[in-house]
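Here's a quick briefing for anyone meeting this protein for the first time. Have a look at the sequence and the fold, then read on.

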Amino acid sequence: MTLVGKSTKTLSVLAASVILLGSLSACDDGKKGAESIAQQLAGGLSGLNVASLRFDGVDGAEADKRLKAIVKGLPGSKPAVKVDSVTVNGEKGTAKLSFDWTLSGAHWSYSTDADLKKSNGEWAAQWSPGLIAPDLKDGEVLETSGQAAPRADILGAGGKVLVTNRPVVNLGVDKSRLNGKDAGAAAEQVARLADVDPGVFAAQVKAAGPQGFVTAITLRADSPEAKALTPEKLAQIPGARTVPGTLPLAPTRGFARAVLGTVGEATAEQVEKSKGRLKAGDVTGLGGLQARYDAQLRGQEGVVVRAQPVAAPEGATPSDPSQEQGRVLFQVEAKAGTPLKTTLDPRLQTLAEDTLKDIAPASAIVALRPSDGAVLAAASGPGSNGYNTAMIGQYAPGSTFKIVDSLAMIRNGMTPDSTVSCTATASVDGRTFKNAPLYPASEVGTIPLREAFAHSCNTAFINARDKVSQAQVSAAAQSLGVGVSSDALNFDGYLGSVPSSAEGTEHAASMIGQGKVLLSPLAAAVMAGSVGKGAPVTPRLVLTSPGAAATPGATASSSPSALATAAPIQNPVTPAESVKLKDLMRAVVTSGHAGFLADVPGAPVGAKTGTAEFGADNPPKTHAWIVATHGDLAVAVFVEDGGLGADTSGPLLKKFLVGAAG
């Protein structure tokens, strides 16, 4: 009886539980199941893959096939889809979905309603094109077309245009004009005419469609090469033709090329790194300022999204933006780029490049205005092969660095009239240092610092090493704007490196601008300019607009801003110190080996030559340097394998200064 009693009690409890569960089930409106299928649907749409989802009336594979057909015209983009809300009424429900597409940098955002249905205890979404875009109907697909924004100009000093759209001609093969002739043979002939790889170009022509035009080379319309492409010459090659166009170009092919960069089709690497900002075929900056400020210069591409009928009219394609039968669902007008302002002076830049045009080794001329730091010319010669020698080259400065040594010596109490010991040789830890060949014997002995500087006595500065520590040399360099940040350029620049500690031969080498001391031509011009100004020069190249920013992913030393400034320099060179340094630099012209600069018209020229050994050859090769100040102008001239600074770089400097004065 006890067992029966307990069993009866248990059954009563179970019955109560069933009643309670039934009551709870009656209160459950099924919303959790509807919400679950809505979240699955949003996830599938975000990945553009709904093959694994449940749909009412169509299986997942078929729904996925329809989805992919609808969005095929939106290549390279997937939407971010979220569930905003779910409402349930019995066995039916509605999920409100929010979509956000990124198309050519523009955001297309909207909401759609997804109908849900419960059948046999399971919720499923009901397939409809309206799931994908508002009011999309059966038989319609989404198509996008872009409108390139006008690329902005790059401006120089005084707002003068440096880079703007200029006429070009595109030489290539038009496959629609082959008239049955062999495309490969035609491609090889055009490739030889364009001086490009025949195999590569032939493969490109082969891969193009039957109506395609494939460009082999783009030439300036006014170039001799373009003018040589006469109709008679092109008629000899099946399918060969030229197509006119425009491209952002500088005044000449070589004008400030290493600084400005170029413009062309985005490389595969650029497309990959852009995270959707660029796509294949887009025109973008390739190097230099064009790449660094591409986002500012290229503006915002226009984009149109249409709901297009699947069947396009004869002779047209669904993606043809000229078709009017498609309904416009989204449109953003193209927004032109913003011009980039620089400090480059087109006359001085051209003069610098013309001065270097016949120099075979890597070379550079940098000219800046000390009063405000404006970089007026930054020319890298033809021997630099496209490298920005002028602004980022790193080279031993040789005796031009004696400007820094002299400041350190002045701070230790010396004046231009103080005497130093200029010996024939100087021995440091077993290493023998000598003066340059042809150093005047009359200037050996105890001589004024002024004469040691003017004739560039190496041993005099090496012999002073015990009175000038490496830390003092490094501090003096920074006082002249060397070895500090180049942020205010708003572009890549190297302002030198001077070790703060060194002993023995390394310290001795530093005293004559060798060892681990490195400068760029830009840094050398800053050093000279700081003497001329009587305060550290902060070089500037790009004058950005408020809120402007470098292109994402581009190399940058800092985020640019309007008239950016570098960090303050501790213990900057003073006007009083500058007077003494000017005395020394002027002596190089009046009594030293830069007397050829004495007749440069205008303000008196102050200068310092430099010759720095490099490499393992015997005798070693040498860098040829010279820096100068001329009124409110500071210039550095560099030739990588140039012999003596006075002999090689000196005449180049004089040509530039005379031209600049004119």
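What follows is a short tour, from the overall picture down to single helices and strands.

This is a predicted model, where local features need pLDDT of at least 70 and side-chain atom pairs count only at pLDDT 80 or more, while totals for chains, interfaces and linings use all residues. Residues are numbered from 1 along each chain as its sequence is written, and side-chain values use heavy atoms, with hydrogens and water left out.

**The big picture**

- The protein has 21 helices and 25 strands; these are DSSP runs numbered from the N terminus, with helices being H or I of at least four residues and strands E of at least two.
- Of the 662 residues in the protein, 47% are buried (buried is under 20% relative accessible area, exposed over 50%, and partly exposed in between, using a 1.4 Å probe and protein chains only).
- Take the contacts with a separation of 6 or more: 68% of them join residues 24 or more positions apart (a contact means heavy atoms within 4.5 Å).

- Strand 3 (residues 92-103) and strand 4 (residues 106-119) pair in the antiparallel sense over 12 bridges, and K96 stands opposite D113 in strand 4.

**Other strand pairs**

- Strand 16 (residues 363-369) pairs with strand 17 over six bridges in the antiparallel sense, with R369 opposite A374 in strand 17.
- Four residues lie between the strands of this hairpin, and G373 takes a positive phi near 80° there.
- Strand 17 (residues 374-380) has six of its seven residues buried, so it is largely enclosed by the rest of the structure.

Two packed helices are described by the angle between their axes and the distance between the axes. Here, axes are lines fitted to C-alpha atoms, for helices over the stretch in contact, and angles run from 0 to 180 degrees between N-to-C directions.

- Helix 4 (residues 183-194) and helix 5 (residues 198-207) pack at about 135°, with axes 8 Å apart. They are therefore oblique to each other (angles under 35 degrees count as roughly parallel, over 145 as roughly antiparallel, 65 to 115 as roughly perpendicular and the rest as oblique).
- The crossing of helix 4 and helix 5 is right-handed (right-handed if the near helix is turned clockwise from the far one by less than a right angle, left-handed if anticlockwise).
- On the helix 4 side, A183, G184, A187, E188, V190 and A191 meet P198, F201, A202 and V205 in helix 5. That contact has eight nonpolar, one polar and one charged residues (Ala, Val, Leu, Ile, Met, Phe, Trp, Tyr, Cys and Pro count as nonpolar, Asp, Glu, Lys and Arg as charged, and the others, Gly among them, as polar).
- Helix 19 (residues 521-533) and helix 20 (residues 575-590) pack at about 120° with axes 8 Å apart, in a left-handed crossing.
- A528, V531 and G532 of helix 19 make that contact with S578, L581, K582 and M585 of helix 20.
- Helix 12 (residues 346-356) and helix 21 (residues 645-661) cross at roughly 150°, their axes coming within 10 Å. Helix 12 and helix 21 are therefore roughly antiparallel to each other.
- The contact of helix 12 with helix 21 includes L348 and L351 on one side and L652 and F656 on the other. Its residues divide into seven nonpolar, two polar and three charged.

**A covered helix**

- Helix 14 (residues 402-411) is mostly covered, with nine of its 10 residues buried; among them are K402, D405 and L407.
- Just after helix 14, G413 takes a positive phi of about 105°.

Terms used. Pairing = 2+ DSSP bridges.
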